[in-house]
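Good morning, colleagues. May I ask you to turn to the sequence and the structure on the screen.

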Amino acid sequence: MEYITLEFDYIGMENGGKIPIENTGRGQDISPEFVIKNLSPKAKTLAITLEDLTHPIKNFTHWIIWNIPAIDRIKKGIEAGKSVSTLGNAKQGIGYGLHRYAGPKPPKGKKHIYRFTIYSLDCEIDLSANARKKDFLKKAKNHILQTGSIMGEFE
């Protein structure tokens with residue numbers, strides 16, 4: 001399936017830039033704020049993944065959250081938990097951050113490249129909060145309307 005690119009801004013970082021310290025494991029480790037620019041009117045929910053592209057485990061997942069209501073601004077600091085009541089009971093699955101955002105924290109002196117991806121979907125995805133990124137992608141495959149990514153680095 002060919003997707004229309006979802007365009008969004010990561011507040012505080014340009015694509016390819018340095019991830020702000022507050023969004024890392026060496027800072028406050030809070031999720032960033034995103035502003036979505038061209039959300040499909042057919043979108044019902046959003047999902048976000050954060051992957052470390054430099055990690056020895058290919059595309060190591062730091063964070064996965066799905067069933068966020070289709071909104072054009074996702075505020076920073078999403079709280080930990082399997083279900084996030086402030087985001088319409090969105091589900092946070094299993095990644096490096098067990099049911100929570102876990103920002104970049106590579107070994108000291110090593111620069112890693114990270115990718116935030118946002119998906120818009122035409123429905124809610126019925127998965128246990130114990131699901132991983134691969135489970136989400138398999139279940140969501142025929143429901144993804146848009147996808148977009150922003151890359152950042154952190155040392």
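Predicted model: local features only at pLDDT ≥ 70, side-chain atom pairs only at ≥ 80, totals over all residues.

Let me begin with helix 1, which spans residues 133–140. Which of its residues are buried? They are K133, F136 and A140. These three lie on the same side of helix 1, because they cover an arc of only 65° around the axis. In general, an α-helix has 3.6 residues a turn, so residues three or four places apart point the same way. On the other side of helix 1, K134 and K138 are exposed. The buried residues of the helix pack against four strands: strand 5 (45–52), strand 6 (60–69), strand 10 (112–121) and strand 11 (144–154).

I turn now to the cores. The largest nonpolar core has 24 residues, and those touching the most other members are F34, I48, I65, I68, I74 and I118. Two or more residues come from each of strand 2 (8–10), strand 4 (34–36), strand 5, strand 6, strand 10 and strand 11.

Finally, the largest pocket. Its space amounts to about 180 Å³. Strand 6 and helix 1 each contribute at least two residues to the lining. Among the lining residues are F60, T61, Y96, R132, K133 and K134.

Thank you for your attention.

Note on methods:
Residues numbered from 1 in each chain as written. Heavy atoms only, no water. Buried < 20%, exposed > 50% of the residue type's maximum accessible area, 1.4 Å probe, protein only. Arc of directions from axis to C-beta. Contact = heavy atoms within 4.5 Å. Core = buried A, V, L, I, M, F, W, Y, C linked by side-chain atoms within 4.5 Å. 1 Å grid on protein atoms, 1.4 Å probe; cavity = no way out; pocket = protein on both sides within 12 Å on 5 of 7 lines; lining within 4 Å. Points joined across faces, edges and corners; volume = space filled by probe spheres on them.
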